[in-house]
Amino acid sequence: MIKRENVKVVTAKTNEELTLTQCSFQPNFISSKDIKTPVEKGDLIYRTLPSGIVEKYLVKTVDTFTNVLPHCEIKLEKID
């Protein structure tokens, strides 16, 4: 079973903090069942690891699918 987690999204336009739920991570890629939280190119995503370290990512592209299995696919670039 795929481990899903929640991440913090900071919008590029308004600096609003949102929570993107049900995320599955792969290198430079997130798949999320949460299609209601708005995520756009240029937004920042913060992922807290179990060790407490926070990883920071820049959103490069977002594709949203509203078919039988609604989800969004987000391509990322890790920021040091």
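**Salt bridges**

I searched the whole structure, a predicted model, and found six salt bridges, each being a side-chain nitrogen of Lys or Arg within 4 Å of a carboxyl oxygen of Asp or Glu. Side chains of opposite charge can pair when their charged atoms come close.

I looked up glutamate 5 next; its side chain meets that of arginine 47 in a salt bridge, 3.0 Å from N to O. The pair links distant parts of the chain, with glutamate 5 in strand E1 and arginine 47 in strand E4, 42 residues apart. The cut-offs are under 20% relative accessible area for buried, over 50% for exposed and in between for partly exposed, with a 1.4 Å probe and protein chains only. I also recorded that Glu5, Arg47, Glu55 and Lys78 are linked in a network of salt bridges.

A further salt bridge joins glutamate 17 to lysine 8, with the closest N and O atoms 3.9 Å apart. Glutamate 17 is exposed, at a relative accessible area of 55%, whereas lysine 8 is partly exposed at 34%.

I then examined glutamate 40 and lysine 13, whose side chains meet in a salt bridge of 3.3 Å, N to O. This pair also links distant parts of the chain: glutamate 40 lies in the loop between strand E3 (29–32) and E4, and lysine 13 in the loop between E1 and E2, 27 residues apart. Glutamate 40 is partly exposed at 37%, and lysine 13 is exposed at 69%.

**Strands**

I turned to the order of the strands. Six of them close into a barrel in the order E1-E2-E3-E6-E5-E4, with antiparallel pairing; two strands pair if DSSP finds at least two bridges between them. The twist averages 45° from one strand to the next, taken between N-to-C directions of lines fitted to C-alpha atoms, on a scale from 0 to 180 degrees.

How many bridges join E1 to E2? I recorded five between E1 (residues 5–10) and E2 (residues 17–26), which run antiparallel. Valine 9 has leucine 18 in E2 as its bridge partner, and valine 10 stands opposite glutamate 17 in E2. The two strands form a hairpin with six residues between them, and asparagine 15 in the turn has a positive phi of about 60°.

E1 also pairs with E4 (residues 44–48), antiparallel and over three bridges. There the bridge partner of lysine 8 is tyrosine 46.

**Rings**

Lysine 8 also lies over the face of tyrosine 46, at 5.0 Å from the ring centre. The criterion is NZ of Lys or CZ of Arg within 6 Å of the ring centre and within 35 degrees of the ring normal. The charged end of arginine 47 sits over the ring of phenylalanine 25, 3.9 Å from its centre.

I found one aromatic pair in the structure. The rings of phenylalanine 25 and tyrosine 57 have centres 5.9 Å apart and planes at 45°, so I classed the pair as tilted. Rings of Phe, Tyr and Trp (its six-membered ring) pair if their centres lie within 6.5 Å; planes under 30 degrees apart count as stacked, over 60 as edge-to-face and the rest as tilted. Phenylalanine 25 in E2 and tyrosine 57 in E5 (residues 54–65) are 32 residues apart, and both are buried.

**Notes on the model**

Local features need pLDDT of at least 70 and side-chain atom pairs count only at pLDDT 80 or more, while totals for chains, interfaces and linings use all residues. Residues are numbered from 1 along each chain as its sequence is written, and side-chain values use heavy atoms, with hydrogens and water left out.

Key. Helix = DSSP H or I, 4+ residues; strand = E, 2+ residues; numbered from the N terminus.
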